[in-house]
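Please look through the sequence and the three-dimensional structure shown here before reading on. The report then takes up a few of their features in turn.

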Amino acid sequence: MNWAKLGSSGFLKAIRPFVGLFVVLLLFAMDGELRSVIFKGGNFKTILTQTVIVAIGAMGMTMVIVSGGIDLSAGSVVALCSVVTARLIEQGHGFAGVLALTVLIGGLVGLANGGIITTVRMMPFIVTLGMMGIARGISKWLANNQTVNPEQPLESVNRLMDNSQSPLTFFPLPNGVWLALGLAVVMAVVLRSTVFGRYVFAIGSNEDTARLCGIRVNFNKVVIYALAGAFFGLAGVMQFSRLTQGDPSVAIGLELQIIAAVVIGGASLSGGAGSIPGSVIGAFMMACLANGSSIKDWPNYMQEIIIGVVIILAVGMDKVEPFIQRLFKRQSSSN
Amino acid sequence: MPEYSSSNPPLPRLQIEGVSKRFGPTVALDGVSLEVAAGEVHALIGENGAGKSTLMKVLSGAHRPDAGRLTLDGQPFEPSDPLHARNCGVAMIYQELNLAPDLSVEENILLGREPATLGWIRRAERRRLAKRALEEIGQSQMPLDAPIRSLTIAQQQLVEIARALVGEPRVLIMDEPTSSLTQVDAENLFGVIERMSRRGVSVIYISHFLEECQRVAGRYTVLRDGQSVGTGAMLEASLEQIIQLMVGRKIDEIYPRTSRTAGEPVLELSGVAGLAKPSCVNLTLRSGEILGVFGLVGAGRTETLRAVFGLDRLVKGRVSVFSREATRSTPAKRLANGVGLLSENRKEEGLLLNRSVADNLTLTRFGSVSRFGLVSDAAQAAASGEWLVKLDVKASGADQLVGELSGGNQQKIAIGRLLHHNARILLLDEPTRGIDVGSKAQIYRLMNELAGQGKAVVFVSSYLPELLGVCDRIGVMCRGEFSCVRPVAEWSEQEIILTAVGQAELGEAAA
């Protein structure tokens with residue numbers, strides 16, 4: 001191990017989300033009431049379960065943001081796909097069919113996003129803002145503007161997010177948590193080490209350079225948005241499982257939570273920086289804060305304020321870190 | 001220690017005495033001394049990292065010196081920030097222009113100094129002031145209402161100078177003002193500088209182009225490793241002496257040339273035309289030769305390379321690569337055929353500044369550093385490490401961000417990518433722009449070596465001495481086509497310029 005590298009800005013940035021999470025947990029541990037509840041296995045299981053939807057969405061969003069784009073339709077796609085899940089269950093599809101078709105629908109919405117962005121050369125912000133309305137509208141249409149409760153529930157889907165078996169112990173974890181963890185590992189490798197992943201970084205870092213270097217920028221962007229859509233579709237299945245009903249008006253503003261998780265995880269909205277582990281930690285940190293607040297019986301607005309502060313702090317560290325480094329340098333040079 | 005010229009004027013306009021500046025353990029300036037008389041054009045020369053920009057930042061108030069004294073017209077000069085320095089009469093024109101692209105020429109010239117009553121801008125007054133500033137530099141024909149965006153780089157620079165003049169500067173510092181200008185625009189700029197000098201404005205002129213410094217400056221000071229190592233009258237010094245001072249060692253040969261013979265045609269263009277430019281390019285490039293391309297900005301040199309490389313649309317004509325017809329193409333296909341392009345804008349287009357050296361070097365050939373479909377960090381670092389050594393790049397390692405390197409080292413990375421790709425046809429667009437003499441010499445040597453290995457190089461440049469020094473043949477572009485391609489021995493500097501310019505005037509007369 002090269003010790004000098006530990007002080008490099010790249011390393012500091014990579015571990016920042018973990019440090020942030022550690023600080024949050026440390027603060028929780030200082031409060032007696034929180035300490036006695038929050039670190040219990042059952043409660044931790046709840047936090048993990050509550051992380052799943054944002055975390056899966058954040059995996060797709062990380063790719064989009066690292067490539068220099070943004071997807072505002074995420075929340076609407078999650079709602080749409082929760083309704084799609086309900087309708088598919090009503091039609092008697094099995095677990096695999098429901099999962100595959102819902103993910104496919106999400107992927108198609110993403111494909112439309114990517115297609116419009118690249119062929120018409122429009123800003124991702126505008127295209128996905130439009131898609132946010134379209135997907136929300138379609139989900140209400142598909143649901144006849146009410147929640148959809150399948151008469152014959154599909155247990156395998158409902159169990160994805162069900163943490164009510166043995167509520168006091170950490171294990172067994174709901175299948176959805178395992179699925180999210182597995183995907184996180186796979187996506188971390190995909191984004192970090194595959195050629196496709198490196199291309200995503202290259203495109204977000206400098207699109208012109210990527211083009212110059214023979215990377216098919218448009219094709220890769222379409223793939224990125226389609227994949228992201230597929231992740232939002234999967235998050236939609238999880239959303240259904242959590243409520244055991246398809247709800248067209250659920251997940252309003254979820255895209256902002258997802259973006260917040262990605263940004264807390266170290267991604268830059270101008271592209272070229274970000275990581276899957278960071279984003280997942282970001283999602284987990286937000287779930288911890290929400291959980292801690294509800295244990296303390298703080299009103300909802302307190303949570304919102306705290307999470308807002310955390311977002312600003314997380315990104316503000318970018319500006320503060322060089323300052324701290326300079327302070328250290330000045331000190332070491334005066335000695 | 002600096003040598004002082006014996007013919008110092010009685011009271012220098014600006015006097016810098018023993019200025020030092022440290023950043024942590026790094027000594028950026030180590031007792032620099034410099035004197036500039038009123039109305040003098042003083043060239044500040046030095047390689048990248050010699051301390052020029054730190055010294056300028058001290059003068060413009062961005063940094064405070066740790067030691068030393070600054071005197072302006074006999075008064076102590078201690079600028080606390082750039083605005084203060086400007087108010088004291090020291091204005092700076094940076095290499096990257098600082099204009100608001102959507103505002104008009106007039107608005108830009110008076111930006112931040114608008115004549116106003118109670119917050120209301122007095123438009124007539126502003127117009128008058130802007131006009132006067134432009135007249136002072138002999139640019140009264142400049143359209144006052146045109147948005148900056150619509151001007152050429154050269155015009156924008158003149159606007160920036162006019163803006164500096166509004167503040168009645170006593171000292172004007174210009175950092176690499178000609179780095180993006182053609183020879184003609186540069187000549188125009190020299191005229192403006194002479195005018196200012198006659199008005200009594202002192203100019204500190206920073207440039208890598210030594211010929212330019214000779215052309216425009218009366219005296220020079222050379223910085224090396226944060227020290228002023230030599231100063232004197234420009235007329236009394238030869239280029240070789242100055243270069244020797246800059247690099248601290250003797251450069252026997254800046255332009256190496258080993259004997260080589262051109263081989264088979266590798267790239268043939270016939271009647272190639274793009275959307276606006278080029279209009280009709282015919283060219284044959286052979287293996288083992290360096291073909292220089294000269295032309296004014298707007299002649300279509302960059303556009304030709306981009307169209308050939310598949311980055312821009314090719315409307316007409318045919319392209320053959322290695323004797324195979326390949327007109328329609330994409331950058332990916334060109335790279336697969338062994339054609340590589342070095343962009344003229346290494347920061348905007350050439351490099352991923354916030355990615356690592358390793359990623360930038362291996363970007364076009366991730367396959368070469370992958371195992372089982374995954375990019376291997378170790379293989380990437382090993383491959384990059386070799387190039388870092390071979391190209392003599394000063395970087396802390398393969399994982400350093402490219403944006404943290406100096407210009408010359410960045411350029412070596414951009415070229416290194418073509419080498420790692422093993423491109424056999426290299427299209428190099430202004431490969432030596434804005435980099436230090438040492439790096440330039442290394443790039444010339446590298447080009448010579450590549451041609452010796454039988455690779456074909458197209459070398460686009462606006463700097464004639466390097467074209468004449470390095471190339472086997474030189475083609476001059478004018479109005480979207482090649483006016484003439486000849487072996488280098490049959491060209492003189494003057495002929496090349498006349499071909500690039502004269503033709504343009506003939507064209508206008510005909511139109």
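What follows describes confidence, the contact between the chains, a helix pair, a hairpin and some backbone details.

This is a predicted model, and the predictor gives the complex an ipTM of 0.87 together with a pTM of 0.79. For chain B the average pLDDT is 87, and 94% of its residues score at least 70. Among the elements of chain B, strand 21 (residues 425–429) has the highest mean pLDDT, at 97, whereas helix 17 (residues 493–510) has the lowest, at 63. Over residues 1–9 of chain B the pLDDT is below 50, and this stretch has 10 contacts in the model beyond near neighbours in sequence. The pLDDT also stays under 50 over residues 503–511 of chain B, a stretch for which the model has 6 contacts beyond four places in sequence.

Where the two chains meet, 19 residues from chain A and 24 residues from chain B take part in the contact. On the side of chain B that touches chain A, helix 10 (331–336), helix 11 (346–350) and strand 20 (374–375) of chain B each supply at least two residues. Sorted by class, that side of chain B has 13 nonpolar, 7 polar and 4 charged residues.

Within chain A, one pair of helices can be described in some detail. Two packed helices are described by the angle between their axes and the distance between the axes. For helix 6 (residues 95–119) and helix 12 (residues 217–243) of chain A, the axes come within 6 Å and cross at roughly 145°, and the crossing of helix 6 of chain A with helix 12 of chain A is right-handed. The residues of this contact between helix 6 and helix 12 of chain A divide into 17 nonpolar, 12 polar and 1 charged.

Strand 23 (residues 473–478) and strand 24 (residues 481–487) of chain B run antiparallel and are joined by 6 bridges. B:I474 has B:R486, in strand 24 of chain B, as its bridge partner. The hairpin has 2 residues between strand 23 and strand 24 of chain B, and B:R479 in this hairpin takes a positive phi near 50°.

| Cis peptide bond | Omega |
|---|---|
| A:F171 and A:P172 | about -5° |
| B:K277 and B:P278 | about -10° |

A:N145 is not a glycine, and yet A:N145 has a positive phi of about 60°. A:N145 is found in the loop between helix 7 (124–142) and helix 8 of chain A. Is A:N145 buried or exposed? A:N145 counts as exposed because 10 other C-beta atoms lie within 10 Å, and a residue is exposed if that number is 12 or fewer.

B:F322, which is likewise not a glycine, has a positive phi of about 50°, and its place is in the loop between strand 16 (314–321) and strand 17 (324–325) of chain B. With 16 other C-beta atoms within 10 Å, B:F322 is partly exposed.

Methods:
Residues are numbered from 1 along each chain as its sequence is written. Chains are lettered from A and ligands numbered from 1 in the order in which they are written. This is a predicted model: local features need pLDDT of at least 70, side-chain atom pairs count only at pLDDT 80 or more; totals for chains, interfaces and linings use all residues. Two residues are in contact if their C-beta atoms, placed from the backbone, lie within 7 Å. Helices (H or I, at least four residues) and strands (E, at least two) are DSSP runs, numbered from the N terminus. Ala, Val, Leu, Ile, Met, Phe, Trp, Tyr, Cys and Pro count as nonpolar, Asp, Glu, Lys and Arg as charged, and the others, Gly among them, as polar. A residue is buried if 20 or more other C-beta atoms lie within 10 Å of its own, exposed if 12 or fewer, and partly exposed in between; C-beta atoms are placed from the backbone. Axes are lines fitted to C-alpha atoms, for helices over the stretch in contact, and angles run from 0 to 180 degrees between N-to-C directions. A crossing is left-handed if the near helix is turned anticlockwise from the far one by less than a right angle, and right-handed if clockwise. Two strands pair if DSSP finds at least two bridges between them. pLDDT is the predictor's confidence in each residue, from 0 to 100.
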